[in-house]
Amino acid sequence: MCNITYDDIGPARVINLYSSKDRLRAVVVIDNVALGPAIGGVRVSPRVSTSEVWRLARTMTLKNSIAGLPHGGAKAGIIADPLSSNKERAFRVFARMIRDLQDYIPGPDMGSNETAMAWIHDETGRAVGLPEEIGGLPLDKLGATGYGLAACAEVSAPMAGVDLKGARLVIQGYGNVGRAAARFLCARGAVLVAASDSRGCVYDPSGIDFDELARVKEEHGSVTAYGKGSRIAAETIFAVPCDIIIPAATPDVINEGNAAEITARLILQGANIPATAKAEQMLYNKGILVVPDFIANAGGVIMAAMEYAGKSAQEAFANIDERIRSNTRQILEHSAARNILPRDAAITLAMERVHRAMAYRDH
Ligand code: NAD
């Protein structure tokens, strides 16, 4: 079932693609291009739906707007198993199908990476998050989003009454974003106490070695192979006693079924749309500070836009630090002053810029 709401900013285009020769299905949603050509990731999953791609495309419109980037928002989903053996063929076929969508610039997302972006770029001349050899700023290797999450934590933790030094950190989804967030936050004194992936969860209240965990995951394919601590069911991770939670995997994992169990005082949304609207309201009512996805995880797209503009990694990191700190402070102050959810404060600010840009257009 495809549940899309059309409003005063989009989505401009919802495109279903199918290659009968390769039996490959994909969907692209270009939400709004008033600010410029739309940047958004390519998600690869057998379960990715048109509604999910549409919600993610809207998140990109808001994220790119509030980050001050000259780009609109879009997203793509390739309906396939990310572990399938003929990955290159799938990305090349997808790239040929989107060749004419000139106002969509693909970037990496779950199931795609720098190499995939190089294949898409080879076919279309457009993609960000490219390997260094062809002029890219490899945002996952550099940990752009994790770096931004740490900047966000430095501003939001004191506002949530959390001292980063010694703060117990939980990461749901120990992938590119989760690993980098752990690295940058542990460097600021946080202690990783639980981390999960699609196969399970490791929990150790005395602290997990984040580097060793990354090595184990790389070598054995899952955090559950970590030598110390205990293994717990992946879905119980949100009930772990902690101070900060970073969901960094799939949508809607924090929902009405588990929001009441959360004891953390701060949630930084590393993943896109990781909580349902009802869950965010429940957390707000409990006094838990939630920094929404399009503020907290903007590091990746800021670096992607800087790459597109021909800037260096150093300039990109400075930009991420400055924009995420100032946006976090601004939306949390706005939220506190008006007694509204941080997400609602952020949407208001992001939409203002989109509307101003749309006023210059006639379509
Ligand atoms: P990734 O594929 O590198 O990592 C995702 C991790 O989540 C994997 O380890 C996977 O095993 C795990 N996972 C999947 N389902 C899970 C489940 N049910 N429970 C626990 N773990 C589960 O992806 P990524 O690039 O790290 O992206 C993660 C999220 O962050 C996505 O929502 C993505 O849209 C968002 N995001 C990524 C970036 C970026 O720079 N890569 C930027 C902004 C937002």
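Let me start with a term: a residue is buried when its relative accessible area is under 20%, exposed when that is over 50%, and partly exposed in between, using a 1.4 Å probe and protein chains only. By that rule asparagine 339 is exposed, with a relative accessible area of 64%.

Hello everyone, and a quick word on what you are looking at. This is a predicted model, where local features need pLDDT of at least 70 and side-chain atom pairs count only at pLDDT 80 or more, while totals for chains, interfaces and linings use all residues. Residues are numbered from 1 along each chain as its sequence is written, and side-chain values use heavy atoms, leaving out hydrogens and water.

Back to asparagine 339. You will find it in the loop between H11 and helix H12 (342-358); helices (H or I, at least four residues) and strands (E, at least two) are DSSP runs, numbered from the N terminus.

Is isoleucine 273 buried or exposed? It is buried, with a relative accessible area of 7%.

Now to helix H11. Helix H5 (residues 144-159) packs with H11 at an angle of about 35 degrees, their axes 9 Å apart. Here axes are lines fitted to C-alpha atoms, for helices over the stretch in contact, and angles run from 0 to 180 degrees between N-to-C directions. Contact means heavy atoms within 4.5 Å, and among the residues that meet are Tyr147 and Met159 in H5 and Phe317 and Leu332 in H11. The residues of this contact divide into ten nonpolar, three polar and five charged. For those classes, Ala, Val, Leu, Ile, Met, Phe, Trp, Tyr, Cys and Pro count as nonpolar, Asp, Glu, Lys and Arg as charged, and the others, Gly among them, as polar.

Next, the cysteines. How many disulfides are there? The count comes to zero, taking a disulfide as a pair of cysteine sulfur atoms within 2.5 Å. The sulfur of cysteine 201 is 11 Å from the closest cysteine sulfur, in cysteine 242, which is too far for a bond. Cysteine 201 is buried, at a relative accessible area of 0%.

One last stop: a cis peptide bond joins glycine 10 and proline 11, with omega about 5 degrees. Proline 11 lies in the segment before strand S1 (13-19).
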